[in-house]
Every structure is written in structure tokens, then in C-alpha cells.
Amino acid sequence: MSPVLLVIFSINFSLLLLHEMDAIRAKEWKMFAILKDMDDHRAFKVFTILHLPLYAILLYSFISQQIVSFIIIDVFLIFHSIIHYFFEKHPNNNFTNTYSRLLIYPMGVLGVLHLLGLMLL
């Protein structure tokens, strides 16, 4: 992978990590069917612990430099941004401030750029 594409991907992954930190502040679990009815303390624990296997799989795939992993993650980040857009009006959506949006929507744009870059290699 070219150094430019690796920088784009690294920035995008960093945005995802920042978004997940912001998700705790925004109590994103209140937007998920199963977690929304739990008390905040328990929902927070479940929400955060579910990120352990997610992060482990992502980090392993980056370290192993498997192109298919980068493609899957790019596609995920694109759809993730789209899903957030469609949930803008959700009553429990606390990502409506400029800061949160500056973390979420560039992930989709950078995912497209990175994916296009991979296809042109």
C-alpha cells in the first residue's frame, strides 16, 4: 500500500476511535434496540466491552496488511457515516453537534478516497 493511502487510512481509523470516545459521551447505546432499555451503567459496560473484539480484529487485520481487510473497513466506514446521517432525527441521537459531525462524516469521505486509491493500485 502506498504511504499516502496508509496515511489516509490511519487518519480515518483515528477518526473512528475518536468517534467511539464521543459515542460514550453521547450514550450511543440508547440508539440500539437491545441496549436502550438497560440502565446506563450496565449499557455502558456492554457497549464498551463489545468494542474489545472489534478493535482486536481491526488491529490484527491492519498488522497483517490484508488488502481485503482494508476494503471491508472502508466499506464499513462509508456505511457507518450513511447510517448516522439517516439517524440524525432519532430522539436519542446526541451526535448533532459540529464536533461529532466532524468525526463521523469525514470517515465516509476518507473511506471512499481510500477505497478508490486501493482500486487504482
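**Salt bridges, pocket and patch**

Tutor: Let us begin with a network of salt bridges, which links Lys27, Lys30 and Asp40. The model is a predicted one, in which local features need pLDDT of at least 70 and side-chain atom pairs count only at pLDDT 80 or more, while totals for chains, interfaces and linings use all residues. Residues are numbered from 1 along each chain as its sequence is written, and side-chain values use heavy atoms, with hydrogens and water left out.

Student: What is a salt bridge, and how many does the structure hold?

Tutor: The term denotes a side-chain nitrogen of Lys or Arg within 4 Å of a carboxyl oxygen of Asp or Glu. The structure holds 5 salt bridges. In one of them, the side chains of Asp40 and Lys27 meet at 3.1 Å, N to O. Asp40 belongs to helix α2 (residues 40-49) and Lys27 to the loop between α1 and α2, so this pair ties together parts that are 13 residues apart in sequence. Helices here are DSSP runs (H or I, at least four residues), numbered from the N terminus.

Student: Which residue forms a salt bridge with Glu88, and where do the two partners lie?

Tutor: The partner of Glu88 is Arg101, and their closest N and O atoms are 2.6 Å apart. This pair links distant parts of the chain, for Glu88 is in the loop between α4 and α5 (98-120) and Arg101 is in helix α5, 13 residues apart. Glu88 counts as buried, at 18% relative accessibility, whereas Arg101 counts as partly exposed, at 32%.

Tutor: A further salt bridge joins the side chains of Lys36 and Asp37 (3.5 Å, N to O). Lys36 is partly exposed, with a relative accessible area of 44%, and Asp37 is exposed, with 64%.

Student: What is the volume of the largest pocket, and which residues are the closest to its centre?

Tutor: On a 1 Å grid over the protein atoms alone, a pocket is an open set of points where a 1.4 Å probe fits, with protein on both sides within 12 Å along at least five of seven lines; lining residues have an atom within 4 Å of a point. The volume of the largest pocket is about 450 Å³. It is lined by 17 residues, of which Glu20, Glu28, Phe32, Phe47 and His80 are the closest to its centre. At least two lining residues come from each of α1 (3-25), α3 (51-63) and α4 (67-86), and α4 gives the most, with 5 residues.

Student: How many residues of each class does that lining have?

Tutor: The lining has 12 nonpolar, 3 polar and 2 charged residues.

Key:
Points joined across faces, edges and corners; volume = space filled by probe spheres on them. Nonpolar A, V, L, I, M, F, W, Y, C, P; charged D, E, K, R; others polar. Buried < 20%, exposed > 50% of the residue type's maximum accessible area, 1.4 Å probe, protein only.
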